[in-house]
Amino acid sequence: MARANASTNSTLLRLLSDNIVEMVQFFDGRGRCTYATASARTFFGVSPEGAMPSIAEQAMRAAVDRAGSESLRNVHASVMSSGEPVEFECQVHDAQGSVRHLQVQAKRVKSMPPAGFPGLMLVLRDITEQKRADQIKADLAEERLRHARFESEQRTGVLLRQSFAGFVEIDRDGRLVDFNDRFAEMLGYRREELLGTHFMRLVASAFAKEVSEHWSRLGEVDNGVQERPYLHKNGSVVWLLAARTLIRDEEGKPRSVFAVMFDRTEVRSLEEQLRQERHQLNQIVHTTGISILVLEEDRIRFVNRAFTELFGFKPTDCHGMRLQTMFPALRGALLSSASVNRPVDGDLGVCEEVKLRRKDGSEIWTRCSINLVDHKADHETEDSRRRFVVSIEDITARKRTEQALQEISRAKSEFLANMSHEFRTPMNAVLGHVYLLKKAGLGAAELAHLDRINTAAGHLQELLGDVLDLSRIEAGELQLERTDFSLDALLRQAADLVRERVESKGLALRLERSEGPDLLQGDPLRLRQSIVNFLGNAVKFTEQGEIVLRAESRALPSGPVALRIEVVDTGVGIDEASRAALFEPFRQADASTTRRYGGSGLGLAITRRLIDAMGGSTGVVSRLHRGSTFWLTVTLERSEKVSLLLETEVSADDVEQQLGDRHSGKRVLVAEDDSVSQGLMQAILSPLGLDVELVSNGEAACKRAAARAFDLVLMDVQMPELNGLQATRIIRELPGYVSVPIIALTANAFEQDRNNCMAAGMSDFVSKPVDPKILFARMLAALDNCAELRQTDATPRVVERTPETPPVSVPASDVKIEARVGKLEADAPERYPGIALQQALSNWGAPGIYAKYLDVFLVTYREVVAQIQSADPKNGYALAHKLKGGAGQLGLVEVAACAARAEAVLRAGDDPENELAHLAAAMRVTCASIESFLAEYLQDPAGLAASR
């Protein structure tokens with residue numbers, strides 16, 4: 001059985017040996033081959049029965065490969081001694097003598113049959129074909145590489161030839177050995193003209209020495225960049241930027257220089273131009289009179305010469321300083337604009353007027369313009385830097401001028417206010433007493449005189465109103481109201497105001513109203529004033545025919561109402577040359593000294609400014625001798641209610657009767673410091689059945705209001721002790737006076753005065769001189785409105801009458817005075833110095849009333865000079881002002897003039913001694929004249945004296 005198994009194993013080993021591809025050999029310890037596969041015997045040409053070559057013999061066959069031969073010779077001893085396997089390649093001659101590549105694996109065998117001694121096993125694999133294939137692949141790869149290099153060189157050549165940059169190679173002797181067309185083109189040469197040329201021929205003479213020295217040190221620096229001028233073929237200079245590289249040979253010695261050239265001629269020209277512009281800009285910045293500083297965020301980076309001269313800082317003081325440290329106010333202006341925080345470039349247009357402090361501590365007014373000129377942001381780090389240019393202009397002188405102008409404007413306003421007061425106070429007396437005299441049952445001749453006085457006073461009042469209106473408009477103090485009104489009612493009122501003048505000239509007045517909205521919202525008083533100005537102008541210049549007031553109101557799609565009003569006349573017309581100046585102040589179509597028509601020339605100018613303020617327009621269409629059409633257009637809002645005040649103020653002819661019928665017995669407190677005006681208010685209001693109580697200052701008004709309940713208060717604004725505004729505030733705090741009407745009476749007619757009155761708590765405003773009709777209308781509206789409020793008032797007021805602070809009285813009205821008018825006309829100036837008697841009597845009408853108030857003047861003002869002298873400047877000024885008004889209304893011209901001068905001196909804070917001396921002298925003479933007049937022309941002078 002064992003023999004059979006051994007036979008089978010031997011058969012299998014033989015089959016494996018005959019068919020295995022690898023060549024396997026076994027060697028004993030001496031290097032003799034003890035076994036070899038069939039493939040190995042075939043490779044070495046040994047028959048099955050022949051002996052295989054030893055290790056040494058095989059090494060001889062591998063002589064073609066020295067490394068392989070050594071490996072085969074040493075492999076036996078190495079592997080047998082170390083026991084480590086070895087793998088290597090070698091070349092061996094086969095049986096036919098051909099060189100074959102073998103891969104050899106050598107491994108020690110511990111027990112090799114048949115004796116079981118250690119031995120060596122070699123596995124040989126023929127890799128000749130694989131090596132050939134690898135070589136073919138390597139050759140193909142090399143060929144591809146050579147082809148790629150060739151193509152790259154071709155492309156590089158194209159790039160070098162077609163590049164915008166110039167390429168040049170210069171040998172170590174300085175001659176041009178190669179360059180592209182662009183380099184030759186830069187210098188204006190053909191290729192053949194430059195090839196072999198020494199490059200120093202192309203260098204500008206100014207740089208020849210420097211370039212030569214640099215070339216002599218060629219081997220010291222391999223790379224570098226220089227910008228130098230070169231000579232063009234035409235002799236011009238070409239600036240070239242050269243980036244050079246030193247090329248060395250195999251021994252490391254400099255062989256040539258390769259340089260890339262860029263033409264910088266145009267750039268240098270632009271840079272030079274930019275440099276000059278910067279120099280010019282720098283000159284401008286430093287020579288301009290405006291201070292300039294540049295900020296990077298809030299740090300100062302640059303200041304110009306004007307800045308250092310203006311603020312006294314040196315540039316080194318400013319550089320790097322924070323704006324907050326140097327100019328806190330300017331830093332605030334910079335941060336106050338939301339636009340500054342926008343991360344975009346652009347002109348901010350931030351302009352501020354701020355006061356800045358100089359190095360010496362003084363302050364100046366400046367106008368600062370801040371502009372963002374550069375913005376850089378790093379979005380990755382979220383870092384942002386902004387640069388601002390701040391131009392600073394010294395406006396201190398302008399501010400002083402503005403302040404001076406404001407002072408002048410305030411002085412003008414005060415002057416106009418004072419003049420208004422001075423004009424309106426006597427006008428109040430004139431119109432009031434004309435009103436009273438017309439009710440006294442005088443004859444036709446006397447009534448005719450009164451009508452003339454009334455007409456002249458009305459004209460003067462109208463002229464005064466025009467001047468004040470124009471002054472308010474030019475001072476920017478005109479404020480338009482926003483009131484509901486009826487257009488139809490306003491047109492009727494405007495027509496009624498001129499109807500008497502129209503009819504007196506035999507003209508016809510016609511009102512044309514087209515269909516359209518009637519209830520509007522705006523300033524009806526100013527609109528009516530404009531229409532009346534147009535109508536008055538038409539009446540003045542029309543001798544025959546008619547005047548048409550035409551109005552059209554048209555609702556616009558957006559909601560408001562477009563209003564157009566025309567006044568058409570058949571008058572003299574206006575030529576083209578005169579039309580252009582019609583709406584200018586104090587300009588008239590006929591400005592000659594012999595002009596036929598009077599007037600101040602203010603009406604149309606005021607109308608244009610009023611309508612302009614409403615956002616409308618005005619104009620005129622006219623032809624000489626063909627009449628004129630004056631028109632205005634304005635856009636107003638629609639309304640659903642009508643102002644009662646407007647209707648009552650103008651259209652109610654029986655307003656006096658209505659006031660007496662509805663409110664007879666109502667208690668009226670009149671606070672008025674002027675005795676003459678007190679008497680006038682008493683005479684106007686008492687016949688209506690009103691219970692009138694008079695006080696002479698604001699303090700007395702507060703006491704009477706606290707002691708007794710009044711239904712209405714008429715409050716003068718300018719009074720001693722406590723003025724009308726202060727008194728009103730106090731009265732409003734008293735129980736039961738929250739809704740009691742308080743109407744201001746003042747000769748100051750500016751809009752600000754009206755606003756001050758309303759702010760103090762007054763209900764309405766009536767300017768002096770008081771028109772009784774307007775006063776009655778305002779009182780009627782106020783009392784009617786108060787009556788409605790009382791119906792819902794659950795808390796009744798306690799009404800008491802106390803004996804304290806009795807009302808101021810005037811001399812008894814039953815004093816009989818007879819004037820010798822004829823004698824007055826002859827000798828009044830000589831007999832009564834200081835009194836303009838004829839003028840006073842023409843204003844006061846009846847001598848008895850005039851004499852009554854002369855007596856009041858003596859009682860009130862005889863000791864006023866001493867009072868002024870002992871009073872403080874403020875109270876002294878008030879006393880002089882009061883004396884001036886009282887004397888002026890009574891025709892005491894010398895006293896009025898001296899009091900006016902004393903008032904001016906006291907207001908200025910100067911020493912009034914000289915003026916008070918003149919005033920005292922005038923008072924002595926005038927008081928003596930008053931006493932002479934009263935003694936001579938009164939039937940009972942002793943009785944009158946007793947009443948004093």
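Which residue in strand 4 is the bridge partner of Cys90? In this predicted model, that partner is Leu102.

Strand 3 and strand 4 (residues 99–112) run antiparallel to each other and pair over eight bridges. They belong to an open sheet of five strands, whose order is 2-1-5-4-3 and whose pairing is antiparallel. Strand 2 (33–36) and strand 3 (86–93) form the edges, each pairing on one side only. If you look at how the strands are set against one another, neighbours in this sheet are turned by 30 degrees on average, with direction ignored.

**Aromatic pairs**

Now for the rings: the structure holds nine aromatic pairs. Two of them are set side by side here.

| Pair | Centre to centre | Angle between planes | Arrangement |
|---|---|---|---|
| Phe43 and Phe44 | 5.1 Å | 90 degrees | edge-to-face |
| Phe534 and Phe630 | 5.5 Å | 40 degrees | tilted |

Phe534 lies in helix 17 (residues 524–540) and Phe630 in strand 22, so their contact ties together parts that are 96 residues apart in sequence. Phe534 and Phe630 are both buried.

Elsewhere, three phenylalanines come together: Phe307, Phe311 and Phe327 form one aromatic cluster.

**Charges over rings**

Two tryptophans deserve a look as well. The ring of Trp239 has the charged end of Arg268 sitting over it, 3.7 Å from the ring centre. Over the ring of Trp365 sits the charged end of Lys399, at 4.6 Å from the centre.

Finally, do visit His625. Although His625 is not a glycine, its phi is positive, at about 65 degrees. Where does His625 lie? His625 is found in the loop that joins strand 21 (617–622) to strand 22 (628–638). Is His625 buried or exposed? With a relative accessibility of 65%, His625 counts as exposed, because the cut-off for that class is over 50%. Phe630, by contrast, is buried.

Definitions and conventions. Residues numbered from 1 in each chain as written. Predicted model: local features only at pLDDT ≥ 70, side-chain atom pairs only at ≥ 80, totals over all residues. Heavy atoms only, no water. Helix = DSSP H or I, 4+ residues; strand = E, 2+ residues; numbered from the N terminus. Buried < 20%, exposed > 50% of the residue type's maximum accessible area, 1.4 Å probe, protein only. Phe/Tyr/Trp six-rings, centres within 6.5 Å; stacked < 30°, edge-to-face > 60°. Lys NZ or Arg CZ within 6 Å of the ring centre and 35° of its normal. Pairing = 2+ DSSP bridges. Axes fitted to C-alpha atoms, helices over the stretch in contact; angles between N-to-C directions.
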